[in-house]
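Visitor: I am new to this structure and would like to know what lies behind the terms used for it. Could you show it to me?

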Amino acid sequence: MTTDERPRDAPTNATDASPDIETGRYLYCVVQTDDDATLETTGIDGESVSVVAEDGIGAVVHDCDSLYDSADLTQIQHWLVRHQTVVDAAGQAFGTPVPFQFDTILRGDDTRLREWLREESETLRPVLSELADHWEYRIEVVEFDAPDDRTLVERDDRLAELDERIADASEGQAFLLEKQFEQRLTELRTARRETMAAELEADLAETVREVHTLDRSPASDIADVARAEDETEDGDDAETLCRLTVLAHEDDEDAVGSILDGVAAEDGLEVRFTGPWPPYTFAPELGTDPDGQNGDPTGAGTDTDPL
Amino acid sequence: MSTIDVGDGDDARQGLITLVITVVELLIDALEREAVRRMESGNLSDEEIDRLGQQLATIEAEIEQLKADEGIEDGVDDLRGDLDGLVSDAIEQLDADSTPRHAPGYSVFGGENS
């Protein structure tokens with residue numbers, strides 16, 4: 001579970017965040033660019049977004065004077081969507097961005113920002129060049145007509161045996177045998193699902209740079225909001241077999257697509273493929289480095305990440 | 001999941017029943033597995049197996065009835081799901097000691113066109 005369970009009306013960083021930031025720069029992401037620019041999109045709360053470049057690294061920022069903290073979940077969702085929209089726009093304009101967590105703020109003005117970019121260039125440059133032209137793609141495989149119990153009984157000797165014993169058993173014994181039967185069914189379905197997922201993962205791993213398995217059902221509230229529209233098209237008997245996210249070179253997008261076409265060609269399977277996304281899953285968590293090496297460069301700290 | 005919220009006032013009663021029933025269900029699951037194990041071990045007579053199964057079936061039916069009467073079927077399912085998540089998290093945290101925490105799954109926000 002990745003949701004943050006801390007109460008939203010209790011600031012978690014009361015000690016270091018409550019003070020005024022006065023002058024700060026809200027960081028969306030960094031990109032590879034040589035020149036300052038303005039980005040044709042509006043940022044969080046309608047702020048205008050600019051790119052401050054130093055040494056070939058551009059920070060996508062807006063001016064701000066406080067953290068974005070609210071007890072109102074809807075408000076936070078709006079902010080997050082704006083945050084993501086800006087990162088997407090930056091990606092389109094400058095190539096693969098390295099995104100920052102929501103509410104990452106650097107204290108100080110543009111001069112301080114340039115200074116920070118110079119200080120961090122040794123960390124940022126390799127990350128940017130490694131991720132250049134690579135994007136994140138999300139894959140979800142959904143099954144509509146999973147084999148029913150009867151089909152599985154025909155295929156599995158153990159189930160068939162239990163089935164026969166149940167027919168001849170006393171009432172009490174039948175109850176216990178049915179428990180075994182159900183357990184075996186669950187095992188078979190799980191094994192089948194895991195085999196399919198593992199095969200897909202192995203196929204993808206040959207083409208893409210990295211594959212991650214995600215939880216089969218997203219736990220996050222935000223994800224629920226984003227997916228609310230999708231829900232309706234799922235039939236009752238649709239089951240998610242696996243959810244994966246991959247980091248792939250943009251030239252390999254078609255290759256990934258044809259692997260997935262192979263999966264989708266199987267009866268009863270549907271593949272949902274989204275992307276390219278900024279490499280959210282694959283970028284290091286800049287600004288929150290737990291090692292403290294580059295940790296918390298913001299001076300203001302990052303607020304709770306509601307994801 | 002760090003807390004189990006049982007609510008307050010009237011909610012508290014239902015929350016508490018949900019919690020109790022969930023725990024009882026987990027206990028029954030364990031009993032059923034043990035009963036199956038003993039049945040398969042061959043040490044029980046047919047009569048004993050039948051009695052054991054019938055008793056467990058009765059308990060299970062009672063619990064189902066109780067859940068329906070209280071309208072907490074979904075609540076119990078949700079709590080069981082949360083507890084599963086809790087266990088998975090605990091296992092992941094054990095793993096996380098050796099590997100840097102770089103967990104995917106926190107970034108699924110936004111719609112496809114946003």
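Guide: What follows is a set of questions and answers on a predicted model.

Visitor: What secondary structure does chain A have, and what does chain B have?
Guide: Chain A has 8 helices and 10 strands. Chain B comes to 3 helices and 0 strands, and from the N terminus its elements run α-α-α.

Visitor: How much of each chain is buried?
Guide: In chain A, buried residues make up 34% of the 307 residues. In chain B, they make up 16% of the 114 residues.

Visitor: What makes Val246(A) a buried residue?
Guide: The term needs 20 or more other C-beta atoms within 10 Å. Val246(A) has 25 of them, so Val246(A) is buried. The residue lies in strand S9 (residues 239-249) of chain A.

Visitor: Which residues are in contact with Val246(A)?
Guide: Leaving aside neighbours within four places in sequence, the contacts are Tyr137(A), Ile139(A), Leu204(A), Val208(A), Glu210(A), Val211(A) and Val256(A). Ile139(A) is 107 residues from Val246(A) along the chain, and their C-alpha atoms are separated by 8.0 Å.

Visitor: Is Val98(A) buried or exposed?
Guide: Val98(A) is buried, because 25 other C-beta atoms lie within 10 Å and the term asks for 20 or more. Val98(A) is found in strand S5 (residues 98-99) of chain A. From Val98(A) to Val87(A) the separation is 11 residues in sequence and 8.5 Å in space, C-alpha to C-alpha.

Visitor: Why is Asp55(A) called exposed, but Asp45(A) partly exposed?
Guide: A residue is exposed if the count is 12 or fewer, and partly exposed if the count falls between that and the buried level. Asp55(A) has 12 other C-beta atoms within 10 Å, so Asp55(A) is exposed. Asp45(A) has 13 other C-beta atoms within 10 Å, so Asp45(A) is partly exposed.

Visitor: What can be said of the phi angles of Asp45(A) and Asp55(A)?
Guide: Asp45(A) has a positive phi of about 55° although it is not a glycine. Asp45(A) lies in the loop between strand S2 (37-42) and strand S3 (48-54) of chain A. Asp55(A) also has a positive phi, near 60°, and is a residue other than glycine. The place of Asp55(A) is in the loop between S3 and strand S4 (57-64) of chain A.

Visitor: Which peptide bond is cis, and where is its proline?
Guide: The bond from Gly275(A) to Pro276(A) is cis, with omega near -5°. Pro276(A) is in strand S10 (residues 269-277) of chain A.

Visitor: How do you know that the span of helix H6 of chain A agrees with its number of residues?
Guide: Helix H6 covers residues 171-205, which is 35 residues, and at 1.5 Å a residue these should span 51 Å. The end C-alpha atoms are 50 Å apart, so the two values agree.

Visitor: What makes H6(A) roughly perpendicular to H2(B)?
Guide: H6(A) and helix H2 (residues 46-70) of chain B pack at an angle of about 65°, with their axes 6 Å apart. The term covers angles of 65 to 115 degrees, so H6(A) counts as roughly perpendicular to H2(B). H6(A) passes H2(B) in a left-handed crossing. The residues of this contact divide into 6 nonpolar, 4 polar and 3 charged.

Visitor: Why are H1(B) and H2(B) called roughly antiparallel?
Guide: Helix H1 (residues 10-41) of chain B packs with H2(B) at an angle of about 160°, and their axes are 11 Å apart. Angles over 145 degrees count as roughly antiparallel, and therefore H1(B) and H2(B) are given that name. By class, their contact has 13 nonpolar, 1 polar and 5 charged residues. The crossing of H1(B) and H2(B) is left-handed.

Definitions and conventions:
Residues numbered from 1 in each chain as written. Chains lettered and ligands numbered in written order. Predicted model: local features only at pLDDT ≥ 70, side-chain atom pairs only at ≥ 80, totals over all residues. Helix = DSSP H or I, 4+ residues; strand = E, 2+ residues; numbered from the N terminus. Expected span 1.5 Å × (residues − 1). Axes fitted to C-alpha atoms, helices over the stretch in contact; angles between N-to-C directions. Parallel < 35°, antiparallel > 145°, perpendicular 65-115°, else oblique. Left-handed = near helix turned anticlockwise from the far one by under 90°. Nonpolar A, V, L, I, M, F, W, Y, C, P; charged D, E, K, R; others polar. Contact = placed C-beta atoms within 7 Å.
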